[in-house]
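I am opening a notebook on this structure.

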Amino acid sequence: MNKEDYIQHGLNEKEAEKLLEGLGREPTITEMGIYSVMWSEHCSYKSSRHWLKNLHTQGKQVIQGPGENAGVVDIGDGLAAVFKMESHNHPSFIEPYQGAATGVGGIMRDIFTMGARPIALLNSLRFGDINHKKTKYLLSGAVSGIGGYGNCVGVPTVAGEVGFDKSYNGNILVNAMCVGIANINKIFYSAASGIDNPVVYVGAKTGRDGIHGATMASGEFDKDSEKNRPTVQVGDPFTEKLLLEACLELMKEDAIIAIQDMGAAGLTSSAVEMASKGSVGIELCLDELPKREENLSAYEMMLSESQERMLMVLKPNKKKLAEEIFLKWGVDFSVIGKITDTKKIKVIYKDKVEANIPICSLADDAPMYVRPIKTRKVDKNLTPQKTNISFKEIILKILNSPNICSKKWVWEQYDRTIMANTIDKPGGNAGIVRIEGTDKALSLSCDVTPRYCHANAYEGAKQAVAECWRNIVSTGAKPIAITNCLNFGNPEKPIIMGDFVSTINGIRDASITLDFPVVSGNVSLYNETDSVAIKPTPTIGGLGIIEDLKNLSTIHTQKDGDIIILIGGNGKHLGRSIFREVIFNAEDGDAPSVNLNNELNNGNLILNLIKNKFVNSVHDISDGGLIVTIAEMIISSNIGAKITFQNNLINSTSDHEKLYEEMFGEDQSRYVITVSSDKVQDTINQCTKYDVSANIIGNVQKNNLEIDGLVTISNNELIDSYESVLPSMMNIK
Amino acid sequence: MDVSLIIFPGANCDKDTSLAIKHITGKHPKHVWYKETTLPKSDLVILPGGFSHGDYLRSGAIAAKAPIIKDLIKKSADGIYVLGICNGFQILTECGLLQGSLIKNNSLKFVSRNVRLRVIRNDTIFTSNFKENEDVNMPIAHHDGNFYIDDNSLKKIEEEGRVAFRYIENNAKHSPYNPNGSLNDIAGVYNENFKILGLMPHPERAIDKITGGDHGAKIFESMFHSLSQ
């Protein structure tokens, strides 16, 4: 093994020495490839593993935490929700349609591998500056890809977020989340067992696509990144649908001992993981592998990331039954090996041993680094700014800005109503999906505010968890658990690693206080191009339960004459706000901090108000502050609002700074609710009981947003500003 | 009423349609695998939505060649009722049971939204529970829903009153009310004897107020009402 070989395989000198030590001899080329992918950042989590164990992963609702294909939580009635989020960032930048499509395909397989039927998809997308030359192409491609895959398989996309920021110019983020429902006694895991039991390959045939995809996703980009296009996998959602139905049909039988999908690092990773979890060995004969093309080498077959493939260990007496099911669905089925007691992975092709590696050397003994960290200095100061534009223009400009505007152009390309259980559409607080055959629903949201994380990784991470929690609470659901996708730059830079560690601490602290444990997740590092890193983006995907569909709440069900109440106090914090970003083009100050105890208490109050049917609609306050929250409620319902600030601020309009804070401040843990006049006193009493500030700030009225004495904007003007951005950018007629 | 639902590989609205039938009639339809050669005794056959055979080649084109379709064509000549929803509509045009074709949406994008529809006539077994010219809402979700046909045939369809549903104005801003560019805003058509209906909207997703409306239920109620007598 010369230096050129291991460098080309993404290993450094120390790792090469470790390889020789673990293997006890020179590797074959196939072994070299296997080490290369298993020890890649993407598969081994070598920079993050040490820190991830600090996450809070426990709770009585948790059936399976991180470490399996997906997390599993108890949702009552003998049912479990199985969910996870995963990144497909690097491939989506190189080839947006296929990169995003296979991201969706991969996350769905993680869910049905565990025995759950997928019932909802979500996604969190980040693109570069809206005016950057590649943004339109990448947005259009990624959205078509997500729709193209999810729509065809037939799983509704019910919520998500889309953000734009120049730090993503060279590295977009595509984070896809899937949620499935399973019988609590019928969860399938990946630990192999039973010496000589057959190892079965099902699904699409193996081709040359995606070779070294995991390694590609473990490095930075430069100007030549597009040459990596062949490492991007190609998706076939039709095969995925057949594989899904065949797997779920087989899972009704008592036939599967272990099952694992072939994701990053393909057959290599699935075989090693199954053997490692079961503390057994595995022997594969590649002659039996279903192949898409002739003359594939063992190296290529072991590293291929062809999609829509699964590996299973079956009970020997169920082999025939299983084969019949897969043949009925027209999906390949082939016994390609067996479980052994060697604790090694042995790969044979054309009677030649191509690889024979101790499993522990690839898995448990993979490199792990505690990299140097440096904490980012937080500058709390805001540069003084002045503007002459009117309040009306400010409001319309904010609604018209890329990070606030309607994302309807995006979500209209996703089938949201298939399965006929979707209750609330995107654009609300969270996606709401009824659980078939019950009066319950899941409330689902994914959230992160990268401009906060960039200023203050710890507070930003707390905020991401809290906002996700708040979105779920706003629908009337009890938050249950989260998954995450931690997207960062190059971990070898102490400042990036410092952000990462602060993020872990922030997520941990928030999830402990809110009893919102992490049950699955994924880390995506090296999101950098020519040494420019993305903003830290720890996407949080949350799941909550609405126990009774009669007690759910939305942002658009207010009634004319309702009283509008601000819960959680007046806004003050303008650091890193949308207001300053849009109006002053300023990225300054600290992120708003989240008082987690207040978050919990305010949320519990909201759940109580919804349960008691005191409120007609609820919306949490986030990006853009109070006025954007109210504007979104108006746009969603086409019913206006009259806002009156109680403290005579309007009379001292010279003090604009104070008004900006109240209108656009992004202080956390706050909600806007609307209440019929006969319920106001009950509502205020509850707020007093919970010791939460409640200010009556106005009432619902028909046709416009009127802020007393300052500005009147018609509903239509609000809608036009909010809705027109993406259609005109993407040149829709 | 005996209902059969043909299942093609890649169909993904079969479960929803089955549940909608169960919801209205109390009984699940019979599921018929596309490789079968004979339909069971049925008053009505439904071709559900989805992506039969991945929509490869052309939406509905491969499914139109399925063994069961031969028998469907034969039985429809004998007077059986047929409903094709979305991909089912595409299959019906591909196999010739309905005229015209469904080409790519004029936006060239998949579109999923709630549309406003006018029920043009209420004297068929599919629409008897609607009022004449009743306006209803139903979801659509398709990439190829742009109904296209030559001028003479279109004229004939109009003259014979074979347009079942039309997209109409819905006050939505920044998106056209006709979601796909279909000729004469056609969302659904009948064959010559009004026994076969194809439509792009998904009535099976509109049977419950809580999931966005129940106007689609009337199609199932109409069929049940008409065929159970």
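**Chain A, overall**

I began with contacts in chain A between residues at least 6 apart in sequence: 85% of them join residues at least 24 apart. Two residues are in contact if their C-beta atoms, placed from the backbone, lie within 7 Å.

A note on what I am reading: this is a predicted model, where local features need pLDDT of at least 70, side-chain atom pairs count only at pLDDT 80 or more, and totals for chains, interfaces and linings use all residues. Residues are numbered from 1 along each chain as its sequence is written, while chains are lettered from A and ligands numbered from 1 in the order in which they are written.

I looked up the secondary structure next. Chain A has 26 helices and 28 strands. Helices (H or I, at least four residues) and strands (E, at least two) are DSSP runs, numbered from the N terminus. The radius of gyration of chain A is 26 Å, close to the 27 Å from the globule rule for 733 residues, so chain A is as compact as a globular protein of that length. That radius is taken over C-alpha atoms, and the rule is 2.2 Å times the number of residues to the power 0.38. Along the principal axes, the C-alpha atoms fill a box of roughly 90 × 50 × 50 Å.

I then checked burial. Of the 733 residues in chain A, 62% are buried. A residue is buried if 20 or more other C-beta atoms lie within 10 Å of its own, exposed if 12 or fewer, and partly exposed in between, with C-beta atoms placed from the backbone.

**A sheet in chain A**

I traced an open sheet of 6 strands in chain A, with mixed pairing and the order β1-β2-β3-β6-β4-β5. Its edge strands are β1 (62–64) and β5 (157–164) of chain A, each pairing on one side only. Two strands pair if DSSP finds at least two bridges between them. On average, neighbouring strands of this sheet are turned by 20° against each other, direction ignored.

Inside the sheet, β4 (residues 117–127) of chain A pairs with β6(A) in the antiparallel sense over 9 bridges. A:Asn123 stands opposite A:Ala176 in β6(A). Helix α7 (residues 96–112) of chain A packs on the sheet and touches β3 (79–87), β4 and β6 of chain A; its direction makes about 25° with that of β6(A). Angles run from 0 to 180 degrees between N-to-C directions, and axes are lines fitted to C-alpha atoms, for helices over the stretch in contact. I also found α8(A) lying across β4, β5 and β6 of chain A, at about 175° to β4(A).

**One loop residue**

Is A:Asp196 buried or exposed? A:Asp196 is exposed, with 10 other C-beta atoms within 10 Å. A:Asp196 lies in the loop between β6 (173–183) and β7 (198–203) of chain A. Leaving aside neighbours within four places in sequence, A:Asp196 is in contact with A:Lys338 and A:Ile339. A:Asp196 and A:Ile282 are 86 residues apart in sequence and 9.1 Å apart in space, C-alpha to C-alpha.

**Chain B**

Chain B comes to 5 helices and 11 strands. Its radius of gyration is 16 Å, close to the 17 Å that the globule rule gives for 229 residues, so chain B is as compact as a globular protein of that length. I noted that 55% of the 229 residues of chain B count as buried.

I found an open sheet of 9 strands with mixed pairing, in the order β2-β1-β3-β4-β11-β10-β9-β6-β7 (chain B). At the edges stand β2 (30–33) and β7 (135–142) of chain B, each with a single partner strand, so one side of each is left without a neighbour in the sheet. Still, β7(B) is mostly covered: 6 of its 8 residues are buried. Strand β6 (residues 111–119) of chain B runs antiparallel to β7(B), joined by 8 bridges. B:Arg118 has B:Asp135 as its bridge partner in β7(B).

**Where the chains touch**

How many residues of chain A are in contact with chain B? 30 residues of chain A are in contact with 25 residues of chain B. α8 (135–153), α10 (237–251), β14 (422–424) and α25 (715–723) of chain A each supply at least two residues of the side of chain A that touches chain B. The predictor gives the complex an ipTM of 0.96 and a pTM of 0.96.
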